Structure formats: C-alpha cells, structure tokens
Amino acid sequence: MESFKTLIENNRAWASEMLAQDPEFFKRTESGQAPHFLMIGCSDSRVPLERMTGALPGDMFVHRNIGNQVWSMDVNILSVLHYAINVLDVPHVIVCGHDNCGALKAAMGPASNGVVDHWLSDIRNTLRWHKDELEAVADPKAKLAKLAELNVMQQLGILSRTPVIRDAWERGKRPMLHGWVYDISSGLIRVVAEQIDSEQKAAAVLPNN
Ligand code: CO
C-alpha cells in the first residue's frame with residue numbers, strides 16, 4: 001500500500017462494514033473506554049497488535065516504541081501506565097516483542113544509528129548480561145528470537161518494579177503481567193511469561209527482582 005488516499009478509502013469501507021455488522025458500535029464506543037488490556041509493543045509496521053489478536057476498538061490501550069521497552073524514567077510510558085492502571089483499571093498488561101526485530105539487530109551491531117543508539121542502551125545491557133547464553137546459539141535467526149524473549153523478560157522486570165505496578169499489587173491482585181513474542185514469519189504469538197500478579201511471582205520469574 002503506497003497511497004495515503006487508499007488509507008482514507010479503506011477507512012470509509014471499514015466504518016461502513018462495522019456499522020453493517022453492528023449499527024450501535026460507534027455510538028457505544030463514543031460513550032467511553034473500558035479496555036481490558038494495556039499492550040506495550042514495538043513500533044515495527046509488521047506487528048499489527050490489534051489485528052493479530054482480533055481486538056476491536058475499545059479493547060486495547062496501546063503504547064508502542066522501538067524495541068517495546070519500558071524505561072523507568074520515560075515519562076511517556078509511565079503516564080500511559082499510570083492512566084491504564086489507576087484510571088482505566090486494566091486487568092492485564094502485555095509486553096509484546098517480536099522476531100526479526102530491527103532494534104535488537106541494531107543493538108547487536110556497532111553504534112551507528114544516531115540518536116537511536118541511546119534508546120538501544122538497555123537492550124545492549126541485556127545482551128551483555130546474557131552474553132554466554134546468546135553466544136551458544138549459532139543460527140542468527142534463532143539468536144534474535146532468543147534475544148526477543150530475553151528483552152521481553154527484561155522489560156517485564158522493569159515494569160514489575162515501577163511504583164505504579166507495586167502500588168497496584170499492594171492494593172489487590174491487579175494487574176497481571178504477561179510477555180509475548182510475535183513471530184513475523186508465521187503470524188503466531190508465543191507466550192514467554194504469563195499471569196505475574198504479585199511481587200513474589202515477579203521475584204521468582206523475572207530478572208533483577
Ligand atoms: Co521491533
């Protein structure tokens with residue numbers, strides 16, 4: 001798809017299809033949102049978070065950045081997280097990485113990506129911490145898949161230590177943290193961590209707890 005006009009044409013067709021299926025759909029979504037999922041995904045255009053899960057408008061609160069990262073000093077993601085947990089009360093937070101991720105590839109190579117190299121520094125830490133484990137994987141595709149999983153676990157670890165999540169867990173059992181990796185070559189998701197809903201569970205399963 002190359003023409004921006006096609007996007008608008010597709011939008012018109014989509015809106016009328018939605019109305020044909022459910023004449024009240026947009027009227028209902030207009031009244032407010034109560035999503036069940038906060039998705040933290042990579043900006044990669046090949047990872048269609050909503051389409052690949054069958055999510056409809058209103059199902060998913062979404063944050064995306066290069067490498068699906070959770071930085072504890074990033075006011076952008078912290079605001080998203082605060083709003084999702086404390087206002088929308090979402091029961092599930094999912095960090096979704098993917099195979100063949102350009103951010104992970106770049107982090108494995110020389111620092112020649114301009115400002116993006118700053119953003120990749122935490123992924124480079126993950127690479128250092130798991131050097132032996134990753135060097136044991138000879139196949140480059142499998143190595144990237146392994147790093148995608150390690151990166152998701154690393155980001156879940158950071159997520160689990162944010163005050164927003166810690167305070168929520170102290171108040172009750174919400175939210176549950178999950179980690180996925182989406183395989184671009186098959187369209188399938190593999191689950192790398194699921195149902196982490198307490199400090200104890202996080203300490204048992206996630207890194208650096
Ligand atoms: Co990516």
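How many aromatic pairs does the count come to in this structure?

1. The count comes to four aromatic pairs, where rings of Phe, Tyr and Trp (its six-membered ring) pair if their centres lie within 6.5 Å, with planes under 30 degrees apart stacked, over 60 edge-to-face and the rest tilted. One of them joins Trp 14 and Phe 26 edge-to-face, at 5.6 Å centre to centre and 75 degrees between the planes. This pair links distant parts of the chain, twelve residues apart: Trp 14 lies in helix 1 (residues 4-21) and Phe 26 in helix 2 (residues 25-30). Helices (H or I, at least four residues) and strands (E, at least two) are DSSP runs, numbered from the N terminus.

2. The model is predicted: local features need pLDDT of at least 70 and side-chain atom pairs count only at pLDDT 80 or more, while totals for chains, interfaces and linings use all residues. Residues are numbered from 1 along each chain as its sequence is written, and side-chain values use heavy atoms, leaving out hydrogens and water.

3. Phe 26 is partly exposed, with a relative accessible area of 27%. Its ring also pairs with that of Phe 25: the centres are 5.4 Å apart and the planes at 85 degrees, so this pair is edge-to-face. Trp 14, Phe 25 and Phe 26 form one aromatic cluster.

4. Phe 25 is buried at 8% relative accessible area, whereas Trp 14 is partly exposed at 37%. Buried means under 20% relative accessible area, exposed over 50%, and partly exposed in between (1.4 Å probe, protein chains only).

5. In helix 9 (residues 163-171), the buried residues include Val 164, Ile 165 and Trp 169. Among the elements covering the buried residues of helix 9 are helix 3 (75-87), helix 8 (140-160) and strand 4 (176-183), contact being heavy atoms within 4.5 Å.
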